[in-house]
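I opened my notebook for an afternoon of looking around a protein model. These are my entries, in the order I wrote them.

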There are 2 protein chains.
Amino acid sequence: MASGRKKLFDEKTALNAAMNVFWQKGYVGASLTDLTTRMGINKPSMYSAFGNKEALFIKATQCYIETKLTPHVELLFQEGIPLKQRLKNHMMSIVTMQCDPEQAKGCFLTFCQSELVSGDIPEKAEQLLKEADLIPLQMYCKLFEDDEESITLELNKNSQANALSLYTFLKGTASMARSGIDKSQLEYGLNAIIEGIKIH
Amino acid sequence: MASGRKKLFDEKTALNAAMNVFWQKGYVGASLTDLTTRMGINKPSMYSAFGNKEALFIKATQCYIETKLTPHVELLFQEGIPLKQRLKNHMMSIVTMQCDPEQAKGCFLTFCQSELVSGDIPEKAEQLLKEADLIPLQMYCKLFEDDEESITLELNKNSQANALSLYTFLKGTASMARSGIDKSQLEYGLNAIIEGIKIH
DNA sequence: GACATATTGTACCTAGCGGTATAGTTTTGG
DNA sequence: CCAAAACTATACCGCTAGGTACAATATGTC
C-alpha cells in the first residue's frame with residue numbers, strides 16, 4: 001500500500017496553539033483565520049486533521065483540562081501535606097497560571113462558559129463546557145468530604161458551603177486576572193481568604 | 001421651519017433593549033441584526049439615533065452603570081444601618097439581579113470586560129469598560145476607609161485587603177450566576193462569606 | 001519508475017457582517 | 001396645499017465568516 005505525503009506540522013503543537021486562540025478570543029471571537037494563522041497551517045489541513053471549528057474547540061477544551069486544570073487539582077490531594085497548605089499551593093499555582101504573561105489571562109473554561117448565554121455555541125461544545133466548568137467544584141466537595149484532616153476538623157459537615165466558597169474565590173480570581181489585575185494583588189487577597197477560612 | 005416626521009420608537013426603551021443584547025452576547029457576539037431586531041427598529045434608525053455599533057455599546061454600558069450598578073452601590077452607604085447589614089443588602093440585591101430570569105445572567109461589565117483580551121474591541125469602548133469595571137472596587141475601598149463603623153472596628157487598617165476580598169467575591173458570584181448556578185446556592189455561600197468576614 | 005495515497009496551497013462558495021445610499025413616508029411652517 | 005425637514009424601509013456596498021473543490025506536491029509500494 002502506498003502511504004502518501006507526510007504531515008508538515010505536529011498536531012499537538014497546532015492544537016496547543018488553537019487552545020491559546022480560543023482562550024484569548026472565545027469560541028465566537030476566534031475566526032478560522034485567527035486559528036489557522038496561529039496554528040501555522042491552512043484551512044484544509046485544519047479541516048482534515050480536526051474536522052471543523054466545533055471539533056477543534058472540543059479538542060482544545062480537552063487539552064486545556066488535561067494540561068492546565070488537572071495538574072492544579074492534583075495539588076489538592078497530595079499526601080503528607082496539611083490541608084491548608086494544599087489549598088494554598090492549589091490556589092497559588094492557579095493564580096500564577098492565570099497571570100502568566102505567555103498566555104491569555106484568566107481561565108479558558110470560565111471565559112468560554114460565559115459565552116454560552118448567547119445561545120450561539122454549538123451543542124456538543126456547550127455540554128462539554130458545562131461539565132468541565134463544574135470539575136473544580138466537584139473536586140472541592142470531594143476534598144472536604146473525604147479528606148482525613150477535613151473530617152477531624154469537622155469541615156466535612158459544611159462541605160458544600162466550604163466548596164462553594166472556594167469555588168467562588170476561584171471564579172473571582174479568574175475574572176480579576178482576566179481584567180489584568182496583577183498577580184501580587186491576587187496573592188495578597190488570596191492569603192487573606194485562605195487564612196480566613198475556619199479551617200475556616 | 002418644517003419639523004419633520006415623528007420618531008416611532010422611544011430611544012430609552014430601544015437603548016435598554018440594546019443593553020440586554022450586549023449583556024447576553026457581548027460586543028463581538030451581538031450583531032446589528034440581533035440588536036435592531038430586539039430594539040424593534042431598523043438599521044438606519046439605529047445609526048441616526050446612536051451613531052454606530054461602538055457608540056451604541058458605549059451608551060448601553062452607561063445605561064447599565066446608571067440603572068443596574070449605581071443602585072446597588074448606594075446600599076453600601078445607607079445611613080443608620082450596621083456595616084455588616086449594608087454589605088449583606090448590597091450583595092443580596094446584586095445576586096438577585098444577576099440571577100433575574102428576565103435578564104441575561106451575570107454581570108454586563110464582567111462579561112464584556114473579559115472580551116477585551118481578544119484585542120478586537122474598539123478603543124473608546126475598551127477604556128470605558130476598564131474604568132467601569134473598577135467602580136465597585138473603588139467603592140469598597142472608600143467604604144472601608146471612610147465608614148465610621150469600619151474605623152471603630154479598625155477595618156480601615158486593611159481596607160485594601162478587605163476591598164479586594166469583597167471584589168473577588170463580587171466577581172465570583174457574577175461568574176457563577178452567568179454559568180447558571182441558582183440564586184439559593186449563591187445566597188448560601190454569600191452568607192457564609194459575609195459572616196466569615198472579621199468584621200472580619 | 002509508475003501508481004496509489006495522503007497532505008498542501010489556491011481559489012472559490014454562500015451567508016452574514018457593519019455600514020450606507022436612496023427612495024418613500026409623515027410631519028409642520030408658510 | 002405645498003415645500004422643507006425628519007424619520008422609515010428597502011436594497012445594496014465591500015468584507016469576512018465558516019467551509020470546500022481541485023490541482024499540485026510529496027511519499028511510499030510494487
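**Entry 1: a loop residue.** I began with Asn52(B), which I found in the loop between H3 and H4 of chain B. The model is a predicted one, so I kept in mind that local features need pLDDT of at least 70. Is Asn52(B) buried, partly exposed or exposed? Its relative accessibility is 34%, so I wrote down "partly exposed". Next I looked for its partners, leaving aside neighbours within four places in sequence, and noted contacts with Met46(B) and Tyr47(B). The side chain of Asn52(B) also reaches the backbone nitrogen of Glu54(B), at 3.3 Å. For a sense of scale I checked Lys142(B): from Asn52(B) it is 90 residues away in sequence and 36 Å away in space, C-alpha to C-alpha.

**Entry 2: a helix with two sides.** I moved on to helix H2 of chain B, residues 32-39. Which of its residues are buried? I listed Leu35(B), Thr36(B) and Met39(B). Looking down the axis of H2(B), I saw why they belong together: the buried residues fall within an arc of 85 degrees, so they line one face of the helix. A reminder to myself: an α-helix has 3.6 residues a turn, so residues three or four places apart point the same way. On the face turned away from the buried side of H2(B), I found the exposed residues Thr33(B) and Thr37(B). The cover over the buried residues of H2(B) includes H1, H3 (43-50) and H4 (53-74) of chain B. Just after H2(B) comes Gly40(B), with a positive phi of about 75 degrees.

**Entry 3: a look at chain A.** I then turned to Thr36(A), in helix H2 (residues 32-39) of chain A. Thr36(A) has a relative accessible area of 7%, so I counted it as buried. Its side chain reaches the backbone oxygen of Leu32(A) at 2.7 Å. Not counting residues up to four places away in sequence, Thr36(A) touches Ile41(A), Asn42(A), Lys43(A) and Met46(A). Stepping back, I counted 10 helices and 0 strands in chain A. Of the 200 residues in chain A, 52% are buried. Its C-alpha trace spans about 65 × 40 × 30 Å along the principal axes.

**Entry 4: salt bridges inside a chain.** How many salt bridges are there over all chains? My search of the whole structure gave 18. One of them joins Arg86(A) to Glu149(A), with the closest N and O atoms 3.6 Å apart. This pair links distant parts of the chain, since Arg86(A) sits in helix H5 (residues 83-98) and Glu149(A) in helix H8 (residues 148-152), 63 residues apart. Arg86(A) is buried at 6% relative accessible area, while Glu149(A) is partly exposed at 26%.

**Entry 5: where the chains meet.** Now for the interface. The contact takes 35 residues from chain B and 34 residues from chain A. About 3,000 Å² is buried between them, and carbon and sulfur atoms give 64% of that area. Which three residues supply more of the area that chain B buries than any other three? They are Val117(B), Thr168(B) and Met176(B), with 17%.

I counted 2 salt bridges between the chains. In one salt bridge, Lys25(B) pairs with Asp120(A), the closest N and O atoms being 3.1 Å apart. Lys25(B) also forms a salt bridge with Asp34(B), at 3.4 Å. Lys25(B) is buried at 12% relative accessibility, and Asp34(B) is partly exposed at 22%. I also noted a network of salt bridges that links Lys25(A), Asp34(A) and Asp120(B).

The rule finds 8 residue pairs in polar contact across the interface. On the side of chain B that touches chain A, H1, H6, H9 and H10 each supply at least two residues. H9(B) gives the most, with 13 residues. By type, the residues of this side divide into 12 nonpolar, 15 polar and 8 charged.

**Entry 6: a covered helix.** I finished with H6(B), where 8 of its 8 residues are buried. What covers them? The cover includes H6 and H9 of chain A, together with H1, H4, H7 and H9 of chain B.

Technical notes: Residues are numbered from 1 along each chain as its sequence is written. Chains are lettered from A and ligands numbered from 1 in the order in which they are written. This is a predicted model: local features need pLDDT of at least 70, side-chain atom pairs count only at pLDDT 80 or more; totals for chains, interfaces and linings use all residues. Side-chain values use heavy atoms; hydrogens and water are left out. Contact means heavy atoms within 4.5 Å. Buried area is the accessible area (1.4 Å probe) that two parts lose on being put together, summed over both. A salt bridge is a side-chain nitrogen of Lys or Arg within 4 Å of a carboxyl oxygen of Asp or Glu. A polar contact is a pair of N or O atoms within 3.5 Å; within protein, one must be able to donate a hydrogen and the other to accept it, and residues adjacent in sequence count only if both atoms are side-chain atoms. Helices (H or I, at least four residues) and strands (E, at least two) are DSSP runs, numbered from the N terminus. Ala, Val, Leu, Ile, Met, Phe, Trp, Tyr, Cys and Pro count as nonpolar, Asp, Glu, Lys and Arg as charged, and the others, Gly among them, as polar. Buried means under 20% relative accessible area, exposed over 50%, partly exposed in between (1.4 Å probe, protein chains only). The arc is that of the directions from the helix axis to the C-beta atoms.
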